[in-house]
Amino acid sequence: MMMAVVILMLQIAACTGFGAAVLWALKIDRDLSARQVAVFGFPLGLGMLGWIVFFLGINGGFGSLQFVAVLLAGVLGLVVFWIRKDVFIRPHQEIFSGLEKGLLVVLALDLPEGLAPPGDGDTLTYHFAMARQFLGAGRIEFVPRAMDGAAPLLIQMTYLPALALGGERALTLWTMVSGWAAGAVLYVMCREHLGRPWSMAVALVFMTTPAVIYGGGSGQVEVRNALFVMLGAFAVGRSLDRRDIKYLILAGLCAGFFIGSKYTGLLFATACGVTLLVHRQWLRRGAIFSIAVLAIGWQWYYWNWLHTGDPLFPMLYDLFGDDAMGVWNMDQQKYFKETLAASENAVPKNIFWLLAYPFKATLDGARIFESGRTGFGPYVLLALPFAAAGAWRFRRAIRIGPLAGYGLIVLIYYVLWFFVGGSQRVRHLLPVLPLLLLVVSVAAEKFVSSAGLQKHLAIIFGVTLALQIAGQGLSALNPLKFVVSGESREHFISRNALYFEPVPWINANLTQRDRVLVQERTYLYYLDIPYYFAHQTQQGILDLRPAANDVGRFLGQLEGLGITYLLVTETDLNRDVTAWPPLMRLTQGLVDAGCLQPVRKFAVERRASRTLPGISTSHETLDLFRLSTDGCGLGH
């Protein structure tokens, strides 16, 4: 535990130092207080750390000494605070007011998740799993899986030093603290426009938003991308106000970091670029911004192009993809696009639903929206009438300040996301939520202050925080049980990672010479044995489309991947074989041909919720088979 905390503090200091050094190099630190340099420097340094680690990885430089050297280089950037010679922290005399006590409660409720093993499905599938895979290989490896493998991974690069030097505990603490940083940046931005109590209230609303509680302490990247959005929008606002090139560069760096972290960063870069068009020197300024974006955000797109022919794999595979590279093909591309459209979109992409989506997602969300557990809470809708009134009454003052730029960035991002984005999950809008909260809160506060209705807005904040902190407390019970009860690590993981039951046996009985095919994603991080995730739509090396029926071809693909074992859902012999999923059907074909030998059966529980495991539990059986060509009747 002590080493994990030391590495955590070292990485925090390194990110702050990297960011402070960049702000100093751009001469932006002169416009900011030391506290602003520290708070704004952290997301900038986090992006720099992820950018640097990429180049270590493609050169096979993932070693402890290299990570220590990078972090110490970042720590040297803290000399900026010594150069400034101003006081770093000035505690406020009311530091333990009601809102600050609320903040302490929120942080305390987050802590158990930082101390418990990871259990979030996406985190275990690729956020943490790929970090562990890269460390094991000593370098970045191309993962031929659409959406969660061959994708921008800048944020995940920051997980590598923590995991390599401080172990899993340092990694989970790092995601916890970097999630908190978004609340700190939002508070500092609010202080440009609001008093201290209102600013703290806005930050608390954000930190207790269901989507933030769900993903802030896990490996998911949306909360950390919000850091880049806030700092980038701040830089765009300063650029429009002061017409200073250095802020254009800062905005470009932040947009580049977001682009390097997720494809939706392209939407944010576009939103910033369009917002900058309001300036008369738009061509020159747009060119500077674009160069900064490309200088930072290019590497993962080059990596994808190098392995698939498509820099935005698989979004542009129809135009640029190359089947000869062997990781994808046009048939899989067609199936992927059809499946994605059907599974990730619940409402049509038209003007009506563009306007109605926020209300639908908040009040009566479709299942795919995930707005129940990962939504944005009631605050924006409750404060919206006051905000609309304030925006109208003070429209002239708002129009000439940075708030108009923030609002325009949010609007453009949302419109592009709705019409161009592949998924309608609410949490994919999370990176711009802080800007929305800021704009709505400032407009609402101006109106209620002018109309003497401050209590009404305070009630909205109070109701929202009461509901959301209660939800956070419920979410904290599961990891808290692990922290205080002495529960074993394996038992906790089995309660949280679906289908985990076979993993301990596989880790103990298979070797590094084996490779196991798996069809479930929620335990990949915990597998010590090489594996291949046989996703039906997101990988194309194994043909698992509904029309796949050639068992001999399937066997050849398995052998080409070096598969020695298959862990699959038990086939039900009482069902019509033609109705089975492709993997089950093809597996049964290999069993019938004598190519698979049964090894072991595992009884598993499938739980609908980690927070409320009792609401829906079902029982299934997984079969482990060994691939054997001895006696195989398929001509091998």
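In which helix does Gln133 lie?

1. The model is a predicted one, in which local features need pLDDT of at least 70 and side-chain atom pairs count only at pLDDT 80 or more, while totals for chains, interfaces and linings use all residues. Residues are numbered from 1 along each chain as its sequence is written, and side-chain values use heavy atoms, with hydrogens and water left out.

2. Gln133 belongs to helix 6, residues 121-137, where helices are DSSP runs of H or I of at least four residues and strands are runs of E of at least two, numbered from the N terminus. With a relative accessibility of 26%, Gln133 counts as partly exposed (buried means under 20% relative accessible area, exposed over 50%, and partly exposed in between, with a 1.4 Å probe and protein chains only).

3. Once neighbours within four places in sequence are left aside, Gln133 is in contact (heavy atoms within 4.5 Å) with Glu141, Val143 and Tyr531. The side chains of Gln133 and Glu141 also make a polar contact at 3.0 Å; such a contact is a pair of N or O atoms within 3.5 Å, and within protein one must be able to donate a hydrogen and the other to accept it, residues adjacent in sequence counting only if both atoms are side-chain atoms. From Gln133 to Pro144 the separation is 11 residues in sequence and 14 Å in space, C-alpha to C-alpha.

4. Gln156, in helix 7 (residues 154-157), is buried, its relative accessible area being 4%. Its side chain is joined to that of His127 by a polar contact of 2.9 Å, and, residues up to four places away in sequence not being counted, Gln156 touches Tyr126, His127 and Val221.

5. Asp623, in strand 5 (residues 617-627), likewise counts as buried, at 6% relative accessibility, and its side chain makes a polar contact of 2.8 Å with the side chain of Lys601.

6. Helix 5 (residues 98-115) and helix 8 (residues 159-190) pack with their axes 8 Å apart and at an angle of about 150 degrees, the axes being lines fitted to C-alpha atoms over the stretch in contact and the angles running from 0 to 180 degrees between N-to-C directions. The two helices are therefore roughly antiparallel, a term for angles over 145 degrees. Their contact is made by Leu107, Asp110, Leu111, Glu113, Gly114 and Leu115 of helix 5 and by Arg169, Thr172, Leu173, Met176 and Trp180 of helix 8.

Methods:
Parallel < 35°, antiparallel > 145°, perpendicular 65-115°, else oblique.
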